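Please look over the sequence and the model before reading the points below.

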Amino acid sequence: MAAIAGVHLGRRHVDETVERLSSVSARRVIEPEVDLPGQLGGGRLIADDLLSVAGLDFGLTDEQRALLSREEVAAIADEGTRFEAVLTAGFSLQIAQSADLTDPRITYLLHELGEETRHSRLFISLLATIKPTARNPFERGLLGFLKRRVVHDLILGRPALMDVLVLAGEEIPDLIQKRMAEHPETDPYLREVNRYHRQEEARHLAFARTVLPELLATAPRRERFLVRHAAPLLIEIMFDSLVHPDVYRSVGLPGWRTWWTVKRSPQRLALRHEATAPVLAAVTAAGGFGHRRRPTRRWRVLVGQGPQ
Ligand SMILES: [Fe+2]
Ligand SMILES: [Fe+2]
């Protein structure tokens, strides 16, 4: 009986937190086309130390690094839009299959969907300005096919796994955008875009963290297994595919070879560890690893607490 009372108390607390997040979203509607006028400048968008190749000497000229900055920002905006679209699909399914549409979580999901569509419109406007030439190999051919299968067969319809991936998909860009927003050499408009996006994503992160314990508690055993073993691998791929091989090819570097070198570079690993550590902390706190709270090896590798 005490345990049941505890679950109910927990659920009421979640209800209240989610209702608070909804009321903030309702009061702060930002339409990018109206509230974020302006556009990106024509040259370099981010400083050298924020490029994925930072710390590696590929002998790039100033002009190549400026072009790389534009292609990298475009690749992140492109991947961010696709990520938000998968999130939209997953949330929509949850709404369609909900037993109770008056649940405050459903109202919040609708707020989040509204916010993500506005973010995506803004990201697409960045793409229209940059006009990148790189074409993401993770969206085409065999890799594209595998990605579609993973999204359709593994992620959609599994709210706990999806919540963990949403946390990762929001924590990773959040750290990247924080660094861009705080760097004095970042393009002024890009800085504004990053500030606006981080402000709204902070609420999405709070929601994902708040509902994770109940999602994990009610998830089938197989889904909890996927959270412990498949999620860290999917998050690693998510991180590494943000800047894809064709971005490097667009400035004359060998695509896949550069991508592998970047993936293993100390700077890139440090960024991955820092960006994913809060995700592991949330999964651990939500009971993803049971009472022992000992993460699996894959998770420890992801965040840099285990053998690489
Ligand atoms: Fe977003
Ligand atoms: Fe979000």
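The points that follow concern the salt bridges of this predicted model.

1. The count of salt bridges comes to 28.

2. Asp48 and Arg65 form a salt bridge in which the closest N and O atoms are 2.9 Å apart. Asp48 belongs to the loop between α2 (32–35) and α3 (62–96), whereas Arg65 belongs to helix α3, so the pair ties together parts that are 17 residues apart in sequence. Asp48 is partly exposed, at 30% relative accessibility, and Arg65 is likewise partly exposed, with a relative accessible area of 22%.

3. A further salt bridge joins Arg82 to Asp78, with 2.6 Å between the closest N and O atoms. Both residues lie in helix α3 and are four residues apart, about one turn of the helix. Arg82 counts as partly exposed at a relative accessible area of 39%; Asp78 is partly exposed at 22%.

4. Glu79 forms a salt bridge with Lys147, the closest N and O atoms lying 3.2 Å apart. This pair links distant parts of the chain, since Glu79 is in helix α3 and Lys147 is in helix α5 (residues 141–155), 68 residues apart. Glu79 has a relative accessible area of 10% and is therefore buried, the cut-off being under 20%. Lys147, at 26% relative accessibility, is partly exposed.

5. Which residues are joined into one network by salt bridges that share partners? They are Arg11, Asp15, Asp103, Arg105 and Glu214.

Definitions and conventions. Residues numbered from 1 in each chain as written. Chains lettered and ligands numbered in written order. Predicted model: local features only at pLDDT ≥ 70, side-chain atom pairs only at ≥ 80, totals over all residues. Heavy atoms only, no water. Salt bridge = Lys/Arg side-chain N within 4 Å of Asp/Glu carboxyl O. Helix = DSSP H or I, 4+ residues; strand = E, 2+ residues; numbered from the N terminus. Buried < 20%, exposed > 50% of the residue type's maximum accessible area, 1.4 Å probe, protein only.
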